[in-house]
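Here is a short briefing on one protein. Look at the sequence and the model first, then read the points below.

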Amino acid sequence: MPQRTEGQRASETAQEPQGATAPDAAWQASAGETAETSGADWDGSRAADDGSTADHGGRGGTPGEGAERGERTGRPRVRGLLHRRSQAGTPGEAPAPQVVPTGIDLDLAANDPLVGYLLSAAGAVDITNLRLASPALKALQAAGVVLVVPLISSGSLVGLLSLGPRMSERGYSSDDLRLLNSLAGYAAPAMRVGQLVRQQEAEARNRERIEQELKVAQLIQQQFLPKSLPELPSWHVAAFYRPARTVGGDFYDFIELPDGRVMFVVGDVTDKGVPAALVMASTHALLRDAAPRLISPGAVLGHVNDMLCADIPAHMFVTCLALVLDPVSGAAVFANAGHDVPYVRTRDGVAELRARGMPLGLMQGSSYEEKAFQFEPGDCALLHSDGLAEAHAPDREMFGFPRVSALVGKGASGESLIDLCLTELRGFTGTDYEQEDDITLVSLQRSPSAWPRAVSEGGDS
């Protein structure tokens with residue numbers, strides 16, 4: 001009977017009834033005629049319905065005497081059967097006994113020495129005196145198995161037929177071995193097909209689970225994205241978000257502060273799927289709670305970091321940029337927790353908004369450097385996630401941060417800048433490109449019409 005290898009549980013070990021000459025490979029048993037009795041042995045398994053003394057071990061005597069005879073003969077005690085009389089038979093008739101297989105709990109690893117031995121044998125093997133450093137062989141011998149027939153398909157061991165000693169106390173004949181080897185030749189391909197079918201079913205279930213998880217993650221992620229853009233006089237704000245198929249943890253937000261300023265936030269959670277989406281949701285909630293109270297971007301990131309360190313899953317962290325903008329004066333204060341550096345197109349070229357800080361959730365008590373920047377009329381900033389700069393061409397060349405900086409300096413603003421970035425990315429990666437990570441782009445431009453106002457505020461006429 002088959003035993004599955006490489007992580008699949010073992011099957012059955014069959015025993016032949018007393019006096020039989022066929023091989024001990026019983027595949028079916030009639031449930032109406034046999035009943036399995038755990039712990040019974042062959043030297044005492046029948047009882048007469050009329051209350052007469054049972055025939056133990058094929059001879060007269062008491063149950064105790066039958067057990068003693070079994071111990072004296074040294075025959076193995078195995079799980080037996082209570083053989084019932086057929087309803088159609090006469091009291092003197094005894095139906096042919098049948099065997100219910102006991103089964104062996106066996107894990108046969110691919111690197112077990114027994115595997116190589118059976119593959120080289122390619123036929124029935126008597127394991128009674130076989131000596132190998134094999135846990136599987138020891139388990140088979142301990143279970144009383146004496147003969148093993150390998151089931152080989154396409155050069156691989158896919159299962160075993162394991163048989164115990166014959167109840168007739170005779171060895172297996174050459175005819176028996178030929179029959180078993182022939183049976184194995186038919187059983188092995190069938191078992192392999194069954195294994196492949198189960199493997200495909202497991203893979204299909206796993207794919208379905210992953211797809212469902214991605215849908216849940218996308219739903220969580222999209223629920224926390226802003227539903228509208230802030231309306232700031234003399235400013236033009238544009239945003240773009242496109243999730244990857246695997247769903248990362250990108251997020252962005254616009255948080256209004258009590259003093260009339262606005263905090264722009266762009267972040268990315270490591271990992272993907274539902275875990276990243278849940279961490280993103282927690283980070284978003286913490287930022288929303290802390291920003292109106294603490295105002296300072298460095299203080300906000302420090303508070304969120306300490307809160308995340310206590311609960312964030314291992315090997316996960318969050319990169320985040322927080323920029324507080326005064327829309328009237330154009331003054332900005334920002335702090336960065338390991339996120340991609342924003343680029344600002346100015347009259348003097350492209351500037352980088354750099355500030356030091358560890359990603360959120362890595363180290364308790366981290367501090368975050370704050371830097372200031374003055375937006376002049378016409379200046380345009382691009383806040384972005386790594387889904388743009390770290391995209392790859394078919395030859396695995398990375399799009400890179402220098403390309404992003406060059407695109408910012410080309411003069412486009414708002415939606416035009418975002419469209420330019422996506423167009424260049426599409427040309428770089430090709431039409432068959434599968435997006436590797438979420439892409440988040442936020443464009444922030446101070447209108448050139450604010451220039452006269454800035455001059456008048458400075459006292460020039």
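**Strands, helices and surface**

Strand 12 (residues 343-346) and strand 15 (residues 380-384) run antiparallel and are joined by three bridges. Strands here are DSSP runs of E with at least two residues, helices are runs of H or I with at least four residues, and both are numbered from the N terminus. Two strands pair if DSSP finds at least two bridges between them. This is a predicted model: local features need pLDDT of at least 70, side-chain atom pairs count only at pLDDT 80 or more, and totals for chains, interfaces and linings use all residues. Residues are numbered from 1 along each chain as its sequence is written, and side-chain values use heavy atoms, leaving out hydrogens and water.

- Tyr343 stands opposite Leu382 in strand 15.
- Five strands form an open sheet, in the order 7-16-15-12-13, with antiparallel pairing.
- Strand 7 (235-242) and strand 13 are the edge strands, and each pairs on one side only.
- On average, neighbouring strands of this sheet are turned by 15 degrees against each other, direction ignored.
- Strands of a sheet pair through backbone hydrogen bonds, either parallel or antiparallel.

**Helices on the sheet**
- Helix 8 (residues 401-408) lies across strand 12, strand 13 and strand 15, and runs at about 35 degrees to strand 12.
- Helix 9 (residues 414-429) packs on the sheet and touches strand 7, strand 15 and strand 16 (439-446).
- The direction of helix 9 makes about 30 degrees with that of strand 7.
- Axes are lines fitted to C-alpha atoms, for helices over the stretch in contact (heavy atoms within 4.5 Å). Angles run from 0 to 180 degrees between N-to-C directions.

**A hairpin**
- Strand 5 (residues 147-153) and strand 6 run antiparallel, joined by seven bridges.
- These two strands form a hairpin with two residues between them.
- Ser154 in the turn has a positive phi of about 55 degrees.
- Val148 stands opposite Ser162 in strand 6.
- Seven of the eight residues of strand 6 (residues 156-163) are buried, so strand 6 is largely enclosed by the rest of the structure.
- Buried means under 20% relative accessible area, exposed means over 50%, and partly exposed lies in between (1.4 Å probe, protein chains only).

**A loop residue**
- Leu362 is found in the loop between strand 13 (349-352) and strand 14 (370-374).
- Leu362 is partly exposed, with a relative accessible area of 44%.

**The whole protein**
- The protein has 10 helices and 16 strands.
- Buried residues make up 44% of its 461 residues.
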